[in-house]
Amino acid sequence: MQCTVVLRNISCSFTPQAVKGILDYAGFWGKYSFICVPCIRSGRSNFGYAFVGFRVATDAEECHRIFDGKVFGRTSSRKICQVEPAKGEKDTKALAHMRRRQRQGRQLGLLLCDESGE
């Protein structure tokens, strides 16, 4: 069963590819189906959070163990990451909006991954 988490308080400089690289380096390569990093229109920065859709709940729990309460990735930012389940109405609306924009070909910040991690 898929489990989506929100990584809050990540550096605003991270691209979706950078978030993917950090997750892959931590051992999550191939363990998620999507990464969604909402970006401002220019695509030069994000809003400080990312959604990750893990394929199984145990990987989401491991992500929480590794990243919650720590700085996410190598950055000059001192923001402390919070890893939470994406369950609230605000999270659901944000994800739905990102998926609509992806279908319209206008989305910056959504990576869809197959089981090989590509």
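Where is G69 found? G69 sits in the loop between α2 and β4.

G69 is partly exposed, with a relative accessible area of 48%. Leaving out residues up to four places away in sequence, G69 touches I80 and C81. G69 and V83 are 14 residues apart in sequence, yet their C-alpha atoms are 8.2 Å apart in space.

S77 is found in the loop between α2 and β4 as well. S77 is buried, because its relative accessible area is 16% and the cut-off for buried is under 20%. A polar atom of the S77 side chain lies 3.2 Å from the backbone nitrogen of K79. Not counting residues up to four places away in sequence, S77 touches S11 and V71.

Now the strands. β1 covers residues 3-8 and β3 covers residues 49-54. The two run antiparallel and are joined by 6 bridges. L7 stands opposite V83 in β4.

The largest nonpolar core has 20 residues. Those with the most contacts inside it are L7, V19, L23, F67 and F72. β1, α1, β2, β3 and α2 each supply at least two residues of this core. The most come from α1, which gives 4 residues. In soluble globular proteins, nonpolar side chains tend to be buried together.

What is L7 in contact with, leaving aside its neighbours within four places in sequence? The list is V19, G48, Y49, A50, V52, C63, F72, C81, Q82 and V83. Another core lies apart from the largest one. This other core has 5 residues, among them V6, F34, F51 and A86.

Next come the aromatic rings. The count comes to 5 aromatic pairs. One of them joins F14 and F72, edge-to-face, with 6.0 Å centre to centre and 75° between the planes. F14 lies in the loop between β1 and α1, and F72 in the loop between α2 and β4, so the pair ties together parts that are 58 residues apart in sequence. Are these two residues buried or exposed? F14 is buried, and so is F72.

F28 and F54 make another pair. Their ring centres are 5.4 Å apart and their planes are at 65°; the cut-off for edge-to-face is over 60 degrees, so this pair is edge-to-face. F28 lies in helix α1 and F54 in strand β3, so the pair ties together parts that are 26 residues apart in sequence. Both F28 and F54 are buried. F14, F28, F54, F67 and F72 form one aromatic cluster.

Last, confidence. The protein averages a pLDDT of 82, and 71% of the residues score at least 70. Confidence is highest in α2, at 96. It is lowest in strand β5, residues 110-112, at a mean of 57. Where pLDDT is low, the predicted coordinates should not be read in detail.

Terms used: Residues numbered from 1 in each chain as written. Predicted model: local features only at pLDDT ≥ 70, side-chain atom pairs only at ≥ 80, totals over all residues. Heavy atoms only, no water. Pairing = 2+ DSSP bridges. Phe/Tyr/Trp six-rings, centres within 6.5 Å; stacked < 30°, edge-to-face > 60°. Buried < 20%, exposed > 50% of the residue type's maximum accessible area, 1.4 Å probe, protein only. Core = buried A, V, L, I, M, F, W, Y, C linked by side-chain atoms within 4.5 Å. Contact = heavy atoms within 4.5 Å. pLDDT = per-residue confidence, 0-100. Polar contact = N/O pair within 3.5 Å; in protein donor to acceptor, adjacent residues only side chain to side chain.
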